[in-house]
Amino acid sequence: MMTDEVRSMSATAQPRLIRWSVVLPGLAALACALVLPQFANAYVTEVATTALLYVVLCLGLNIVVGYAGLLDLGYAAFFAVGAYTSGILTAEFGFNFWLTIPVAMAAACVAGIIIGAPTLRLRSDYLAIVTLGFGEIVRIIARNLDITGGASGLIGIERPEIFGFRLMQVQHFYYAFLVLALLTAFVCLSVERSRMGRAWFYVRYDEDAAAGIGINRVTAKLQAYMMGAVIASVAGCLYAAKMTAISPESFTFNQSLLILLGVVLGGMGRIPGVVLGAVLVALLPEVLRGAGTYRPLVTAVALLAIMLFRPNGLWPDKRV
Amino acid sequence: MTLDLLIQQLVNGLIVGSFYALIALGYSMVFGVIKLLNFAHGDIYMNGAFVGLIVFSFVGIWVGNGWLGVVCALLMSMLVVGLLGVVIERFAYRPMRNAPRLSILITALGASMVLNGTALALTGGRHYAFNTDLGFAGVDISTVHITYTQMVLVAASIALMAGMQAFVSRTMYGKAMRAVSIDMGASRLMGIDVDRVIALTFFMGSALAAGGGVMAGAYYGSVHFFMGFIMGLKAFTAAVIGGIGSVPGAMLGGLLLGLLEAFGSSLPFVGSEWRDVFVFGTLILFLVFKPTGLLGRSVVERV
């Protein structure tokens, strides 16, 4: 296992040939994604938009869980930070939507440092439970502050405008999320191959060995954690703009769990796998529409079954 | 805030703290033996409360809704849910024992959600009343009112914890448990049936959680499928405060957490909505400044 790992690691350092077996299906999928709203009805476009939202969120969480091996069970909190920051600034203070994105990214960074800096030194399971608690804290804060609209949520968030064109219909947001998903995938692809990305892989495999070869593991983990947080917050901004109303109930532990399921389902650490997982997670509620109260159970059984029978996901990372 | 109210709050805090201690103890035992954060622990507690409620509503026909009924429900629920804990360990955790840490944590999370989801599917998310005849009679010590229920529940949790401590420190199985928690491989070489010791630990930890669940159900008068989630977090917090893996630490941590919570919700601006924020804030502070807890020894990182 370890030798394979080392071999493929050194392979990435050599000049890479373009792998057409990945690029061609990828391009085909992209072409389908581009023309989809022209043919599909509003319902399908809506579901596809949700799928793209999950693609962004799962890719972001994949950096934390898949690359750096940190189990974050409160990922929805950063999604909430982005959505609320953007929502409050546009609805209460009349900010331009696009200006709220950097503010939300900064807010997510600060939140990530507050929660990550002290806990990332500790064992990974401590981080899991602390992030779980953090997710709850953010939700409770959103429920109990006046500025967030309390339990009933925040309404009247402005629709964003770009070059005098206002994003209104579901197709517009579909394309906005598609652009965001592509951007996120691009960012993931670049960091995966970067020095930082390789440091994450080493920290994930063997923290002590990574420290031994001069990687600052706390810095490496914090970078992964913050990058994940920033991606979630940008997704949150766009989500708030699309929904025009947000409430604490969109950012529960179940939301974090669903995003994690997407990452684990497709295959931790592998971009195409995570995209597949995210799409499946978005489709899950539609497929299980009739299941009612059984839905969480089905989701949970799926998660457990994957861990037990395909621990590396449906489309695993070959380097694992 | 008057002094009387404060003292009453502190007493209530101690009582709630004794539940936390009971549940934190199970968390700590399981963690001690297989170094796994059993996310399902809170849901086992919730299942314990439901099994207790079912038993209670059946035996209530013969023995009434008084003490006898509650004790029957408590013991039955501890047995049934203890076995459930063994089953979970057998099917969800044992196959993963040599898997990467992340996979085991996610499996534990999956087990937790399966229990939670089953309870939601079966109960439809409703609150169920746990109506006992225990009432509010009790004793008044100056201005503080303590019901008999509270006194008995605290006594019962102390008895359970003392029994557990005696088991772990005095019996052969307890010795085996301690050996496995120090070095699983060496214990196996010494002829200890490690799988059986782990199963036993899960049985006892789950039985304690179930006991806590039944007591909480009888104390608060209602059970709900979501009650385990927050309790799991709090029990973990209690275990961390006391020092995870340490049996006396879990008890101390539970009591302190109960007190902190009671005290925290009577502070101005903190209020009961913010209580959980206060709890997790405490958890984070402890992890930052004293990760080994009050009574824990420093754990060598597993390489």
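How many aromatic pairs are there over all chains? The count comes to 20 in this predicted model, where rings of Phe, Tyr and Trp (its six-membered ring) pair if their centres lie within 6.5 Å. Local features here need pLDDT of at least 70, side-chain atom pairs count only at pLDDT 80 or more, and totals for chains, interfaces and linings use all residues. Residues are numbered from 1 along each chain as its sequence is written, chains are lettered from A in the order in which they are written, and side-chain values use heavy atoms, without hydrogens and water.

**View 1. A:Tyr67 and A:Trp200 form a stacked pair.** With ring centres 6.2 Å apart and planes at 25 degrees, the pair is stacked (planes under 30 degrees apart; over 60 is edge-to-face and the rest tilted). A:Tyr67 belongs to helix α3 (residues 42–67) of chain A and A:Trp200 to helix α8 (residues 195–205) of chain A, so the pair ties together parts 133 residues apart in sequence. Helices are DSSP runs (H or I, at least four residues), numbered from the N terminus. A:Tyr67 and A:Trp200 are buried, meaning under 20% relative accessible area (1.4 Å probe, protein chains only).

**View 2. A:Phe78 meets A:Phe134 in a tilted pair.** Here the ring centres are 5.5 Å apart and the planes stand at 45 degrees. A:Phe78 sits in helix α4 (residues 75–91) of chain A and A:Phe134 in helix α6 (residues 124–144) of chain A, 56 residues apart. Both A:Phe78 and A:Phe134 are buried.

**View 3. An aromatic cluster takes in A:Phe79, A:Tyr84, A:Tyr239 and A:Phe251.**

Key:
Helices (H or I, at least four residues) and strands (E, at least two) are DSSP runs, numbered from the N terminus. Buried means under 20% relative accessible area, exposed over 50%, partly exposed in between (1.4 Å probe, protein chains only).
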